[in-house]
Amino acid sequence: MKNYLTTPIYYVNGEAHIGHAYTTFITDALARYSRLIGNETYFLTGTDEHGQKIEESAKQNGKSSQEFANEISATFKNLWDGFDISYDKFIRTTDADHQIGVQQAFEKMLAKGDIYKGDYEGHYCIPCETFFPESQLVDGEFCPDCGRPTDIVKEESYFFKLSKYEKPLLDLYESQEDFILPRSRKNEVKNFVSNGLHDLSVTRTSFTWGVPLPKSCNDDKHVMYVWLDALLNYITALGYGDDEKNMDFFSNATHFVGKDILRFHAIYWPAFLMSLDLPMPRHIAAHGWWTRDGEKMSKSKGNVVDPKAVAAAYGLERFRYFMLREVPFGQDGDFSQRALIDRINSDLSNDLGNLLNRIIGMSGKYSEYVIDSVDVKKYHSKELEEMLLVTSSVERFLTEIQTHRYLEELWKLFSIGNKAIEDHAPWVKMKEDRKDEALATVALIANILAKASILLHPVMPDTTNTIAGALGFEINTESYNKFIKDDALLDTFTIQKVPALFPRVEEPLMEEAPKAMIEETKEEKPKKDKKAPKEETTTEDEVGLITIGQFFETSLKIGTIIEAEEVPKSKKLLKLQVDVGEENPRQIVAGIKDYYSAESLINTQACVVANLKPAKLMGMLSEGMLLAAKDENGLCLVRPENPRKAGAGVG
Ligand code: MSP
């Protein structure tokens, strides 16, 4: 099957921010998924370079429009290249073949009687490159999209007969019920169309930085309206009007867009396509905005977070994972380092990374790193069934572009793995001479990691290649078919040691935190008088207070006490084996015998300080400390209210 995926083309009036990175990451993930399952895939991105806004930005920068567009377009291309975005074509609306395609489309619309010449007078918002009818203006003057004042512009213009397509558009929304994703956005588009469509002015005479009209029009006063020029990129990139061999990708197109440009894609674009007698795209998928302090992030507001800085500090793939996991597709999300760190520590480090470390460690100890799935079915049929439930149903979330649900569901595989380790405690089986069972559990985990890494590949391509490399296979359509579609298990292999994939992050890593990332420290730190001197002085109020960063220097984890015994000759000490989600349980010697018997502690949980230097108590190694509270009524351990996975972070 052919599959066409596009990002919006980005305006070249400033550099990219995380909002742009988000659209691109989603599209890249879907393109990689499409290739993985064996589709012939075409992924398009690029830059939108014409229009009054760019012309003005170029002037302000003392450059020609073309020079300015070249520079900024290159920053987008370099960014995506640096981020290893797997696009097939990077289109620029200043490309000669694009401009020829746009002129041909214009001629066809003219010939069809869908474009006519008239006069236009209206309120025009230059930053949004859009005319707005009086009824939509805020306070009769301001742009309903960006809030800036509009200018009254009167000019001769060519019009596209948008009104003619009102009914066909409404029919389209009915017949292709998933045309707009998420479906919750369909009504707003339908209502807009049902309220009546005005014909659309599609040329401008007030500036010159645009695609000229076709020669046959014999009218060089006009240039094309930037949205007509821009939307047509989706077909000129496939060779429209020239070598059309790629045009058949178009009937299976998904355009990813932000919610602010949904109207252009769900109304104007299909109407243009109808006029050109071309097929409709499959989906217009509209995501929400990344905000800062609840406000839209945008170049013009100057409140942007630089995606390069985030990727440099935290790693590209963790950043990708975070963006796709954190926010339900279609909804807005607020970016914060704290939320990113939490995702890294809990999802990536605790759940995924630990499983790989554990089986590398265990297989090294138990079987010289050889892992064999031979007994997995015998000892773990329940887990295999649970895994199949996930792997056979999770992909529908990707096809519905619910990336957060997809990842959430996928993570159930790691829960199955972590639970199997707790339930089957391979180290106990080894001690009891039940090596087959211990090895079967290790192999079960290897299979979980294999299947999960294939399904996670579109989101974290490099990391999952590393996991697959350690497990002795390559991620490609063949292994997808084998391990996901046919639900096969891994053949016997020798696991390769890899360094820990996701070391925990204890405090924010972006030293020069952009303003957008300071909000999380605002609450925790006592506010200083605004007029206070800049240098770091400690006020009386602050004595004894620590910052959130200092707090997170302590690694607190939930531990499951799996063994407990009294220490001979000691009145106070108990020797415990505590599973904190690592390869082997830790030995912790705790002075709690007056308050707890050894048996009463087995299979209960406690909160462990996990990054203390190991100490020796009565000659015994103690690799952590249990948190406890003490008053006149005695001592009690600090425990989670409900059981949590061994190793779950506390903070
Ligand atoms: N050039 C037009 C698109 C033409 S497509 C034929 C355009 N460009 S843009 O650079 O302003 O925006 C590109 C994309 O980035 C849009 O989908 C927009 O929604 C998205 N984002 C811009 N700011 C954003 C956030 N703060 N958050 C998430 N995405 C946002 O529009």
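Me: Do the axes of helix α15 (residues 403–410) and α18 run roughly parallel or roughly antiparallel?
Reply: This is a predicted model, in which local features need pLDDT of at least 70, side-chain atom pairs count only at pLDDT 80 or more, and totals for chains, interfaces and linings use all residues. Residues are numbered from 1 along each chain as its sequence is written, and side-chain values use heavy atoms, with hydrogens and water left out. The axes of α15 (residues 403–410) and α18 come within 11 Å and cross at roughly 170 degrees; axes are lines fitted to C-alpha atoms, for helices over the stretch in contact, and angles run from 0 to 180 degrees between N-to-C directions. Angles under 35 degrees count as roughly parallel, over 145 as roughly antiparallel, 65 to 115 as roughly perpendicular and the rest as oblique, so α15 and α18 are roughly antiparallel.

Me: How many nonpolar residues are in the contact of α15 with α18?
Reply: Tyr 406, Leu 407 and Leu 410 of α15 meet Ala 452, Leu 455 and Leu 456 of α18, contact meaning heavy atoms within 4.5 Å. Ala, Val, Leu, Ile, Met, Phe, Trp, Tyr, Cys and Pro count as nonpolar, Asp, Glu, Lys and Arg as charged, and the others, Gly among them, as polar. No polar and no charged residues take part, and the nonpolar ones number six.

Me: At what angle do the axes of α16 and α18 cross?
Reply: Helices (H or I, at least four residues) and strands (E, at least two) are DSSP runs, numbered from the N terminus. Here α16 covers residues 412–424 and α18 residues 435–456. Their axes come within 10 Å and cross at roughly 170 degrees.

Me: How many polar residues are in the contact of α16 with α18?
Reply: On the α16 side the contact includes Leu 413, Phe 414, Gly 417 and His 424, and on the α18 side it includes Thr 441, Leu 444 and Ile 448. Ten of the contact residues are nonpolar and none is charged, while the polar ones number three.

Me: How far apart are the closest N and O atoms of Lys 431 and Glu 563?
Reply: A salt bridge is a side-chain nitrogen of Lys or Arg within 4 Å of a carboxyl oxygen of Asp or Glu. Between domain 2 and domain 3 there are two salt bridges. Lys 431 forms a salt bridge with Glu 563, and the closest N and O atoms are separated by 3.7 Å.

Me: How many residues apart in sequence are the parts tied together by Asp 28 and Arg 320?
Reply: The side chains of Asp 28 and Arg 320 form a salt bridge at 2.7 Å, N to O. Asp 28 lies in α1 (residues 18–36) and Arg 320 in α11 (residues 316–326), so the separation of the parts in sequence is 292 residues.
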